[in-house]
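Subject: Handing over a two-chain model

Dear colleague,

I am passing on the structure below, and I would be grateful if you could look through it with the notes that follow beside you.

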Amino acid sequence: MAAKISYADVETGAELPAQSFPVTRATLVEYAGASGDFNPIHWNEKFAKEVGLPDVIAHGMFTMAEAIRVVTDWVGDPAAVVEYGVRFTKPVVVPNDDEGAVIEVSAKVAAKLDDEARTVRVDLVAKSAGQKVLGMSRAVVKLA
Amino acid sequence: MALDQSFVGRTYPATDPYEVGREKIREFAEAIGDANPVYTDAEAAKAMGHPDVIAPPTFVFAITFKAARQVIRDPQLGLDYSRVVHGDQKFAYTRPVRAGDRLTVTSTIESIKSLAGNDVLAVRGEVHDQSGEHVVTAHTMLVARAAEEA
């Protein structure tokens, strides 16, 4: 395990560098192939609308995968993530244009959990089009 | 229609092993746009103390969700699969998934609740490698939305 961040150097309330992640229809097709989740609500506009969605939506697991990058980029080694959980509160709607949507992720150290294990809890906020798309988004991270 | 509470605690047989390949990890990392070399470069992974490339934290969902389908599509349980949405997801890691792992998943129904006519199903997937070592536990909460009123 090679976390870049030292537990001793981290204070509760410290903000991690925020990031924005673009997502287009092409991104969703690529993610569908990589993840094996071919649910048509993630690529077929007609189908998505038939089941009551405003448009094609991103996979919740795609949003979850992007959000944790704020933590893994900060800490260096993704193996430092000991726990990670989210609630899917709102879908990320992805229009069929060149812009698509943007997932904006911010995070802060909410608590130092264990001095011996050097673990902290990081709380994440993920938004798209001004709406919170993940709730209760938290990771436990083991620092150096 | 509320689901049968007697299914709570039911454990399904372990899945056949899923062999994690380097190229599948690369494909996943590229799909999420993550250029961390620990996902694609074995030397970079070794520099961080890993025996081979590791997978991004959420990669394992593809494997645990496939296993959870045993539960979701259990005809005896009778969940309306067309109305299922993903509510919550949580992972608790013992170690990261890495290339060369042969992973099996054992799924257990943790709880069944009825909330405002929706069926809420919590499934725990325990993931072990070929030597029986625990890798990760996936907690998946699924919501089967109530059928629309006629």
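Before the interface is described, one term is needed: buried area is the accessible area, taken with a 1.4 Å probe, that two parts lose on being put together, summed over both. Please also keep in mind throughout that this is a predicted model.

Within the share that chain A buries against chain B, A:A34, A:M61 and A:P78 supply 21%, which is more than any other three residues give. Counted by residues, the contact draws 30 from chain A and 28 from chain B.

The interface also has a polar side, for the rule finds 3 salt bridges across it, together with 12 residue pairs in polar contact, both residues of each pair being at pLDDT 80 or more. A salt bridge is formed by A:R87 with B:D88, where the closest N and O atoms are 3.1 Å apart.

Which elements give two or more residues to the side of chain A that touches chain B? They are the helices α1 (25–35), α3 (60–67) and α4 (69–75) and the strand β2 (81–88), all of chain A. Of these, β2(A) gives the most, with 8 residues. The residues on this side of chain A divide into 16 nonpolar, 7 polar and 7 charged.

Turning to the chains one at a time, chain A has 4 helices and 6 strands, which follow one another from the N terminus in the order β-α-α-α-α-β-β-β-β-β. Its C-alpha trace spans about 55 × 30 × 25 Å along the principal axes.

Inside chain A, strand β1 (residues 15–23) pairs with strand β3 (residues 101–114) in the antiparallel sense over 7 bridges, and β3(A) is in turn joined by 9 bridges to strand β4 (residues 119–128), again antiparallel. A:A107 of β3(A) has a part in both pairings, as it is the bridge partner of A:L16 and has A:L124 in β4(A) as its own partner. Between β3(A) and β4(A) the hairpin leaves 4 residues, and in it A:R118 takes a positive phi near 55°.

Chain B, for its part, has 3 helices and 5 strands, arranged from the N terminus as β-α-α-α-β-β-β-β, and its C-alpha atoms fill a box of roughly 60 × 30 × 20 Å, taken along the principal axes.

Finally, UniProt has an annotation for each chain, both in unreviewed entries. For chain A, the record lists residues 18–116 as "domain: MaoC-like"; over that span the chain is 32% helix and 28% strand, and the end C-alpha atoms are 28 Å apart. For chain B, the record gives "domain: FAS1-like dehydratase" over residues 6–137, a span that is 21% helix and 31% strand, with its end C-alpha atoms 23 Å apart.

With best wishes

Notes. Residues are numbered from 1 along each chain as its sequence is written. Chains are lettered from A and ligands numbered from 1 in the order in which they are written. This is a predicted model: local features need pLDDT of at least 70, side-chain atom pairs count only at pLDDT 80 or more; totals for chains, interfaces and linings use all residues. Side-chain values use heavy atoms; hydrogens and water are left out. Two strands pair if DSSP finds at least two bridges between them. Contact means heavy atoms within 4.5 Å. A salt bridge is a side-chain nitrogen of Lys or Arg within 4 Å of a carboxyl oxygen of Asp or Glu. A polar contact is a pair of N or O atoms within 3.5 Å; within protein, one must be able to donate a hydrogen and the other to accept it, and residues adjacent in sequence count only if both atoms are side-chain atoms. Ala, Val, Leu, Ile, Met, Phe, Trp, Tyr, Cys and Pro count as nonpolar, Asp, Glu, Lys and Arg as charged, and the others, Gly among them, as polar. UniProt positions are given in the numbering used here, feature names are shortened, and annotations may be inferred rather than shown by experiment.
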